[in-house]
Amino acid sequence: MANAPASNAYRIVEVPEPMKAMQDRFGREGSYVGLSEVESPWVPFGDNAAIRHLAFDVRNNVYCNILWIKSPGVIGTHKHRGMVWAVGMEGSFRYLEYDWVCGPGEFITEMPGQAHTLVTDDANGMKALFWMQGANEFFDEKGEWAETLDVFWFINHYVTYCEEHNIPINEQLFL
């Protein structure tokens, strides 16, 4: 049972902070990204997919996005070099290497070093929120390394698309 007091007060409560001056000087407030495509557009990711970028943290090589595969399809075999957390939002997806299927509201983790191949068999495709740390190494059909995607790759993916389409860069995405 929580010991926190209940509150009905709809007001900002001043909370003492001994390092407030340093927080104000060097800290950053949280961010908000709304539904508008001006705030974060769907950027093509191959022929049948798009990514909506939500956060980039270059200090920790962390990035957050929504992956949308528009109809049945596959995202190539890849291996993460950091942790991945994901929540299904629409449709369903799975990995060829595992026996589960992730649907809306379901949660998965991916461990560093495990190679897997993301697919959706859903007629309407899928959307999932991914919070990723570290690099993603993609491999071709022969198991040969093809490309590494990290926070800077994802920033470039976003910034290049915005610049090509005259969409302002949303500074709220950069943590």
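Predicted model: local features only at pLDDT ≥ 70, side-chain atom pairs only at ≥ 80, totals over all residues.
Start with helix α2, residues 151-164. It has 14 residues and spans 20 Å from first C-alpha to last, close to the 20 Å expected at 1.5 Å a residue. At its start, a side-chain oxygen of D150 comes to within 3.0 Å of the backbone nitrogen of F152. Just after the helix, N166 has a positive phi of about 55 degrees.

Which residues of α2 are buried? They are V151, F154, I155, H157, Y158, V159, Y161 and C162. What do they pack against? Five strands: β1 (42-44), β2 (49-57), β3 (62-69), β11 (136-139) and β12 (145-149).

Now the salt bridges; the structure has four, and I will take three of them.

One is D24 with K20, with the closest N and O atoms 3.0 Å apart. Both residues sit in helix α1, residues 20-26, four residues apart, or about one turn. In general, residues three or four places apart in an α-helix point the same way, because there are 3.6 residues a turn. D24 is exposed, at 53% relative accessibility, and K20 is partly exposed, at 45%.

Next, R94 and D121, with closest N and O atoms 2.6 Å apart. This pair links distant parts of the chain: R94 is in strand β6 (93-95), and D121 is in the loop between β9 and β10, 27 residues apart. R94 is partly exposed at 24%, and D121 is exposed at 53%.

Last, R59 and D57, at 3.6 Å, N to O. D57 has 10%, under the 20% cut-off, so D57 counts as buried.

Key. Residues numbered from 1 in each chain as written. Heavy atoms only, no water. Helix = DSSP H or I, 4+ residues; strand = E, 2+ residues; numbered from the N terminus. Expected span 1.5 Å × (residues − 1). Buried < 20%, exposed > 50% of the residue type's maximum accessible area, 1.4 Å probe, protein only. Contact = heavy atoms within 4.5 Å. Polar contact = N/O pair within 3.5 Å; in protein donor to acceptor, adjacent residues only side chain to side chain. Salt bridge = Lys/Arg side-chain N within 4 Å of Asp/Glu carboxyl O.
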